[in-house]
Amino acid sequence: MSRETTENKYNLVEKCPETEKRRQGFIKGHKMSAKRRQASMKKRLYALIAVCLLPLTAMMVYLLVLLNDVSQRYDSIVENITMANAYNIVFKENMDYLMYIIVVNEKRAQELIDVSKPLEMIDDARQAFHELYKAADTDGSRESLRRVLKSLDTLEDRVKEIEEAALVSGSYDANMNRLDLNIRVLTDLIQEQIQKYIYEQAIKMEELRIGIRKDVERSIFLLGVVVAGIFTSAFFVSGKVISSITKPIQKLCKVAKQAGQGDFKVRVEEAGTYELTVLKESFNHMIEELGQLVEDIRIEQLNLRAAELQLLQEQINPHFLYNTLDTIIWLAESHDTEHVVKMVTSLSDFFRTTLSKGKDFISVEEEKLHIESYLAIQQFRYQDIMEYEISFSDEILEYEMLKLTLQPLVENALYHGIKNKRGMGHIQVIGKKEGQNLVFRVRDDGIGMTAERLLEVQGLIQGDRPRDQEYSGFGLFNINQRIRLYYGQEYGLTLDSIHQKGTQMQVAIPCVKNQP
C-alpha cells in the first residue's frame, strides 16, 4: 500500500459525515457527564477539606490561645522573681558595706566612696518594688511588697541620719550603734520580706504548673477526640474521592499497557472527573493517531528499504560495468576463452551478491566472495598497478553482516589510493573477531591523505561537514550511517591515513550468527 493510498484512506475516514457526527455526539455526551462529575467532585473535595481543616483549625486556635496565656503568666512570674531576686542578697550586702565605710571613715568617706550611692540604691529598689506591687495579683504578694516599700522609706531616713551624724559629730561609737540598730536590722527585714515575696511567687508558679498539667491533659483528650473524628469522617469521604480517581486511572493504565504492546485498537470507555475525562479523550485520540502513524511508518520503512536497496544497486559505478563488458568483448575477440570465462564468472558472482534476493544481510563469506569478485575483475584491468590480498578468519565466515559494506571501501582504496600512486600498489582486506565484535580493515599503500584532507574526510564520515563533500561514489558518510542505523551509534567506520604512505579504513560491527 502506498503512502498516497494510506493518506486517502485516512482522509475518507475523517471526512465521513456520519462517523464525524457520532464522534461529536459521543464527545458532547461525555462533556456533559464530566461537568456533572466535576461538580460532585468539587463538593466531595470541599467536604473532605472541611472535615479535616475546620476541626484542626479550631483545635489549633484553642491551643494557641492556651499557650499564649500560659506563656504570659509564666513570663510574668519569672520576671517578678528575677527582679526581686536581684535585690535579695546584693542589696543588703552593698548597703551594709557602704554604710560601714561612711561610719568608720567619718569625714574621709567622701574620698573613698560616693556617699550618695546608698540613697540612689534605695530609690532604685523603691521603683522596682513599686512596679511589682502594681502587678501583684495576690494578697500575700501585695502585703510582702507593701512592707518592703515601708521598710525602704524607713531605711532612707536612717541613712540620712547616719550620714549627717558621721559628717558633723564624728562619734564613732554612736554611729556604729546606729549602723547595727538601724541599718543592718532594716536590711535584714527587707531581705526577709523579699524572700517571702519570692516564696509567694514560687507557690504561684507551682499552681501554674499544676494548671498547665491539667490543660495539657485536657488538650490531649480533646485532640484525640478531634483526630478520631477527622479520621472517621475523612475515611468515608476520601474513600469515595479516591475511588472516583483511582479506578479510572487503573483502567487507563491497563489500556495504556495494551497500547504499549502494540494494540492500537483499544480505547478507554469510562472516566471519572472532568480532568480524567479530558485525559481519556486525549488518550483515545492519541492512540488513534499513533496507530495511523505506526501504519504510515511501517509503509514508509518498506518503501525506504526498497528505495535504499535500489539506490545501492543504482550507485554501482556504470563505468565499472561498461569497462568490464568492454574487456570481455576484447578478450572474446582475442579468442581468450579462459579469461572470458573467469571475467564473466566474477561479474556474475559480483551481481549475485549485490542483489542477494533483496536481503539486507548476508554472511561474511558472501561478502568476502563479493569483494573477491570485484578485485578479480579490477586486477585484470589494473594488473600493472594493483595487487590484492584477502585474509578472513575462518571463525567469522558464518556470521552475518550488512551487505555492500566492504566493496565500497575497496573501491575507494583502488580509485583514491592506488590509481593516484605511481608504481605498483597493494590492497589488503582483513577480517577477524575481536572480543564480541567483527572488525574489518581495508588497507592500501597508495597516495594517502594530507593531515588537512584527513580531518575533512573524518568530519564528513561523522556528519560534521556538509554532505555535498562526498568522498566517493558510494559515500563514506552513507556507509557509516547505514552501519549505525542497523547496529547502533557505538559501531561504524573509522579512517586513518598518512600522506605518501597509505590509508586504512576500519569497520566494527557486533557478532551476529547468520540465520539460515
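Guide: A salt bridge is a side-chain nitrogen of Lys or Arg within 4 Å of a carboxyl oxygen of Asp or Glu. By this rule the chain has 18 salt bridges. Please note that the model is predicted: local features need pLDDT of at least 70, side-chain atom pairs count only at pLDDT 80 or more, and totals for chains, interfaces and linings use all residues. Residues are numbered from 1 along each chain as its sequence is written, and side-chain values use heavy atoms, with hydrogens and water left out.

Visitor: Which residue does Asp123 meet in a salt bridge?
Guide: Its partner is Arg126, at 3.6 Å from N to O. Both residues sit in helix H5 (residues 117–135), three residues apart, so about one helical turn separates them. Helices here are DSSP runs of H or I with at least four residues, strands are runs of E with at least two, and both are numbered from the N terminus.

Visitor: Why does being three places apart matter?
Guide: An α-helix has 3.6 residues a turn, so residues three or four places apart point the same way.

Visitor: Is Asp123 buried, exposed or partly exposed?
Guide: Asp123 counts as partly exposed because its relative accessibility is 33%. Buried means under 20% relative accessible area and exposed means over 50%, with partly exposed in between (1.4 Å probe, protein chains only).

Visitor: And what does Glu156 meet in a salt bridge?
Guide: The side chain of Glu156 also pairs with Arg126, at 2.6 Å from N to O. Glu156 lies in helix H6 (residues 139–168) and Arg126 in helix H5, so this pair ties together parts that are 30 residues apart in sequence.

Visitor: Where are the two ends of the Asp137 and Lys204 pair?
Guide: The side chains of Asp137 and Lys204 form a salt bridge of 2.5 Å, N to O. Asp137 is in the loop between H5 and H6, while Lys204 is in helix H7 (residues 172–260), 67 residues away. Asp137 is partly exposed, with a relative accessible area of 45%.

Visitor: Which residues are joined into one network?
Guide: Asp123, Arg126, Asp153, Glu156 and Lys160 are joined by salt bridges that share partners.

Visitor: Changing topic: how many helices and strands are there?
Guide: The chain contains 14 helices and seven strands. Of its 516 residues, 38% count as buried.

Visitor: What about H12, is it enclosed or open?
Guide: Helix H12 (residues 407–418) is largely enclosed by the rest of the structure, because 10 of its 12 residues are buried. Among them are Leu409, Val410 and Leu414.

Visitor: Which residues have the most contacts inside the largest nonpolar core?
Guide: They are Val364, Phe392, Leu409 and Phe440, in a core of 39 residues. H12 supplies the largest share of this core, five residues. A nonpolar core is a set of buried Ala, Val, Leu, Ile, Met, Phe, Trp, Tyr and Cys residues joined through side-chain atoms within 4.5 Å. A second, separate core has 35 residues, including Leu98 and Met176.

Visitor: What does Phe440 touch?
Guide: Leaving aside neighbours within four places in sequence, Phe440 has contacts (heavy atoms within 4.5 Å) with residues including Val364, Phe392, Ile396 and Met505.

Visitor: Finally, where is Ile297?
Guide: Ile297 belongs to helix H8 (residues 274–314), and it counts as partly exposed at 42% relative accessibility.
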